[in-house]
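Work through the two exercises below with the model open. Each task is followed by a stepwise solution.

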Amino acid sequence: MKNFEIAINERVIEAINTILSSGLALNKADLAEKFGIKPAKFSEILNKRMKAGMDIIQNLCINYDISADWLITGEGAMWRVSSVMNETPPPDRDKYVQLLESKIEDQQKIIDLLEEKVEALMTGENTASMAE
């Protein structure tokens with residue numbers, strides 16, 4: 001591996017260890033699963049016998065707010081500064097919220113119907129078992 005690849009891999013390992021120690025993941029096996037890799041491969045990465053791929057780097061940046069600049073260059077802070085507070089809401093946000101609320105209502109109706117059917121089946125089973 002080239003020196004910059006080694007440095008990136010070491011920062012990936014540092015980020016992973018920070019995520020684990022901060023409780024953002026239960027354990028190494030849980031984090032490996034979230035990355036979509038086998039625990040054995042994850043162990044190889046943590047033990048510096050294998051380098052982390054772009055999929056892991058992307059996962060760290062997107063799902064754990066690790067700074068891509070920091071991972072690649074080592075400059076700046078490890079954690080990405082969220083710009084959510086500075087963003088203006090999308091113009092169609094209300095429409096999106098209404099759509100989601102409608103979907104939730106539809107799902108609740110389905111759940112209610114299924115609960116009724118389960119109750120009817122349970123009552124029917126009790127009646128059928130008493131008749132025997």
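Rings of Phe, Tyr and Trp (its six-membered ring) pair if their centres lie within 6.5 Å; planes under 30 degrees apart count as stacked, over 60 as edge-to-face and the rest as tilted. The model is predicted, so local features need pLDDT of at least 70 and side-chain atom pairs pLDDT 80 or more, while totals for chains, interfaces and linings use all residues. Residues are numbered from 1 along each chain as its sequence is written, and side-chain values use heavy atoms, without hydrogens and water.

**Exercise 1.** Find the aromatic pairs and classify the pair of Phe35 and Tyr64.

Solution.
1. Searching the whole structure gives 2 aromatic pairs.
2. For Phe35 and Tyr64 the ring centres are 6.4 Å apart and the planes stand at 80°, so this pair is edge-to-face.
3. Phe35 lies in helix 2 and Tyr64 in helix 4 (residues 54–64), 29 residues apart, so the pair links distant parts of the chain; helices are DSSP runs (H or I, at least four residues) numbered from the N terminus.
4. Phe35 and Tyr64 are both buried (under 20% relative accessible area, 1.4 Å probe, protein chains only).
5. Ring pairs join Phe35, Phe42 and Tyr64 in a cluster.

**Exercise 2.** Describe how helix 1 and helix 2 cross.

Solution.
1. The axes (lines fitted to C-alpha atoms over the stretch in contact) of helix 1 (residues 3–21) and helix 2 (residues 28–35) come within 10 Å and cross at roughly 120°.
2. Helix 1 and helix 2 are therefore oblique to each other; angles under 35 degrees count as roughly parallel, over 145 as roughly antiparallel, 65 to 115 as roughly perpendicular and the rest as oblique.
3. Ile16, Ile19 and Leu20 of helix 1 contact Lys28, Leu31 and Phe35 of helix 2 (heavy atoms within 4.5 Å).

Definitions and conventions
Axes are lines fitted to C-alpha atoms, for helices over the stretch in contact, and angles run from 0 to 180 degrees between N-to-C directions. Helices (H or I, at least four residues) and strands (E, at least two) are DSSP runs, numbered from the N terminus. Buried means under 20% relative accessible area, exposed over 50%, partly exposed in between (1.4 Å probe, protein chains only).
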